[in-house]
Amino acid sequence: MLWLIALLGGVTGGLLVLVRREQQLSANRGVITRIQWAENACLAILQARYAGHPDIRTVDSTDLGRGVWCHAAVTDLAARVNLNLASGAMLRAVLGSDSLAAAVLDWRDADAVADAQGAERPWYAARQRDGPRNAPFRSVRELLLVRGFETAPPMWLDSVFTVEGDGRINPNLVAPAVLRGLPGLDAEAIHMIAMGPSIAGLDQLMGRVSSASRRGMASAYRELSAQLAFQPAWLEARLDAGVEGSAVRAAERVLLVPLESRLAVISRQPW
């Protein structure tokens, strides 16, 4: 009889543990559902505000009720360099290193022939590392697999590079080092851009510089025009959401294309 009582007690205790665990899982699922709702709400707020103010770039931390909050930060992708579309000159200017630029080019190009300062499969295999993929980068974080970038801070990479958008850059938003990778821009033109005010177009910039600087831009006018964007064409929104009192949070990257009076959602993925 004592043995039966002990057995029943053990079974009961086990059932109580399972019940409590299921209750906790149910509570967590509820929190996750509310956070997902908050992300959708934050995106809807951003889209609605953009319709009236196309220059909006943030949705401050917003209380959505019942302790649910969200925040959004928007970046013009023309403020970053596209890893898959940037020229060798652009990569060298941004990275300040011929060796790092060559490693990036070897990683993304389709051939297996290493640049004199780059690295192809034999270099990685000798160190028991995978790569290169010899294909476009799937994400900026993939850059951490490239020779020379192993310890680069991921957040720094995200603020400088992108794999989204059409590859054009906004000269008003990028660092002067990036502009040095463009054809036809001399030190005077780069200084003029850096000093401001914002340039509305290439012709306006040419009107602000000396004749010598203007001739340089004129000689590369078509190429420059193809590489510059003075109005947003691709935007990235980073959404954060959570519930007060819970350690569970969610972050999402949303790729957007500005249209006349709205933002079109191209893709959404965890960040």
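Modeller: First, the residue classes: Ala, Val, Leu, Ile, Met, Phe, Trp, Tyr, Cys and Pro are nonpolar, Asp, Glu, Lys and Arg are charged, and the rest, Gly included, are polar. This is a predicted model, where local features need pLDDT of at least 70 and side-chain atom pairs pLDDT 80 or more, while totals for chains, interfaces and linings use all residues. Residues are numbered from 1 along each chain, and side-chain values use heavy atoms, without hydrogens or water.

Biologist: How many cavities of 30 Å³ or more are there?

Modeller: Rolling a water-sized probe over the atoms shows where empty space is left. On a 1 Å grid over the protein atoms alone, a cavity is a set of points where a 1.4 Å probe fits but cannot get out; a pocket is an open set with protein on both sides within 12 Å along at least five of seven lines; lining residues have an atom within 4 Å of a point. Points join across faces, edges and corners, and volume is the space filled by probe spheres on them. Here, the count is 2 cavities of 30 Å³ or more.

Biologist: Which residues line the second largest cavity?

Modeller: That one, about 40 Å³, is lined by Glu164, Glu236, Arg253, Val254, Leu255, Ser267 and Gln269. By class they split into 2 nonpolar, 2 polar and 3 charged. Strand 6 (249-258) gives the largest share, 3 residues. Strands here are DSSP E runs of at least two residues, and helices H or I runs of at least four, numbered from the N terminus.

Biologist: And what is in the largest cavity's lining?

Modeller: The largest cavity holds about 90 Å³. Its lining has 16 residues, with Leu77, Ala78, Asp166, Arg168 and Trp234 nearest the centre. The classes come out at 6 nonpolar, 5 polar and 5 charged.

Biologist: Now the open ones: what volume does the largest pocket have?

Modeller: About 240 Å³. Of its 16 lining residues, Ser139, Val140, Arg141, Arg253 and Gln269 are closest to the centre. Strand 4 (161-162), strand 5 (235-243) and strand 7 (263-270) each give two or more residues to that lining. Its makeup is 5 nonpolar, 3 polar and 8 charged.

Biologist: Which residues lie nearest the centre of the second largest pocket?

Modeller: Asp76, Asn170, Leu173, Phe230 and Pro232, out of 13 lining residues. This pocket has a volume of about 150 Å³, and its lining has 6 nonpolar, 5 polar and 2 charged residues.
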